[in-house]
Amino acid sequence: SILNGFVLPDVVALRTLCIKVPGLVLSVASGMALGKEGPLVHVAVCWAQLLSRSVPQFQNEGKRRELFSAAAAAGVSTAFGAPLGGVLFSLEEVSSHFPSRTLLRAFTAAVAAAAVLSLVK
């Protein structure tokens, strides 16, 4: 909804990230029957928001939306270990406007996330 123009500043704030990460770790570690893909996408977009505040290149709203699309692709790629699935999720569900430049960035982020996941495992 943030990528479609809704202004929700607290959804991707640092405070939200500081609560979401321990909650996700504890819920997955306890064996609860919860999906981890939604929270991983949210955590990735929160990290993208922090990055966009610190890098002047992403101060533009269009660039920030591209970064959020790539972060969503990376989050799904991390959840399932499938970079192409992350890109398709970002293309179909997250963004209403998806130029080819964003597709390349989302694919790069999803492949990097899957590579890091395979190295950590």
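Modeller: Let us begin with one crossing: helix α2 passes helix α3 in a right-handed crossing. Please keep in mind that this is a predicted model.

Biologist: How is such a helix pair described, and what are the values for α2 and α3?

Modeller: Two packed helices are described by the angle between their axes and by the distance between those axes. Here α2 (residues 37-54) and α3 (residues 61-80) pack at about 145°, and their axes are 8 Å apart.

Biologist: Which residues of α2 and α3 meet?

Modeller: On the α2 side they include Leu40, Val41, Ala44, Val45 and Ala48, and on the α3 side Leu67, Phe68, Ala71, Ala72 and Val76 are among them. Sorted by class, this contact has 13 nonpolar, four polar and two charged residues.

Biologist: How does α1 pack with α2, and what is the hand of that crossing?

Modeller: The axes of α1 (residues 14-29) and α2 cross at roughly 145° and come within 10 Å. The crossing of α1 with α2 is left-handed. In this contact Leu14, Thr16, Leu17, Lys20, Val21 and Leu24 of α1 meet Pro39, Leu40, His42, Val43, Cys46, Trp47 and Leu50 of α2. By class, these residues divide into 10 nonpolar, two polar and one charged.

Biologist: Which residues have the most contacts inside the largest nonpolar core?

Modeller: They are Val41, Val45, Ala48 and Ala71, in a core of 15 residues. Two or more residues of this core come from each of α2 and α3, and α2 gives the largest share, six residues. Leaving aside residues up to four places away in sequence, Ala71 touches Ala44, Val45 and Ala48. There is also a second, separate core of five residues, which includes Ala73, Val87, Phe98 and Ala106.

Biologist: Arg64 is in helix α3. Is Arg64 buried or exposed, and why?

Modeller: The test is a cut-off: a residue is buried when its relative accessible area is under 20%. Arg64 has 16% relative accessibility and therefore counts as buried. Beyond residues up to four places away in sequence, Arg64 touches Gln49, Ser52, Phe58 and Gln59.

Biologist: What does one look for in the cysteines, and how many disulfides are there?

Modeller: A disulfide is a covalent bond between the sulfur atoms of two cysteines. The cut-off for counting a pair is a sulfur separation within 2.5 Å, and by this rule the count is zero. Cys18 is in no disulfide, its nearest cysteine sulfur being that of Cys46, 9.4 Å away.

Methods:
Residues numbered from 1 in each chain as written. Predicted model: local features only at pLDDT ≥ 70, side-chain atom pairs only at ≥ 80, totals over all residues. Heavy atoms only, no water. Axes fitted to C-alpha atoms, helices over the stretch in contact; angles between N-to-C directions. Helix = DSSP H or I, 4+ residues; strand = E, 2+ residues; numbered from the N terminus. Left-handed = near helix turned anticlockwise from the far one by under 90°. Contact = heavy atoms within 4.5 Å. Nonpolar A, V, L, I, M, F, W, Y, C, P; charged D, E, K, R; others polar. Core = buried A, V, L, I, M, F, W, Y, C linked by side-chain atoms within 4.5 Å. Buried < 20%, exposed > 50% of the residue type's maximum accessible area, 1.4 Å probe, protein only.
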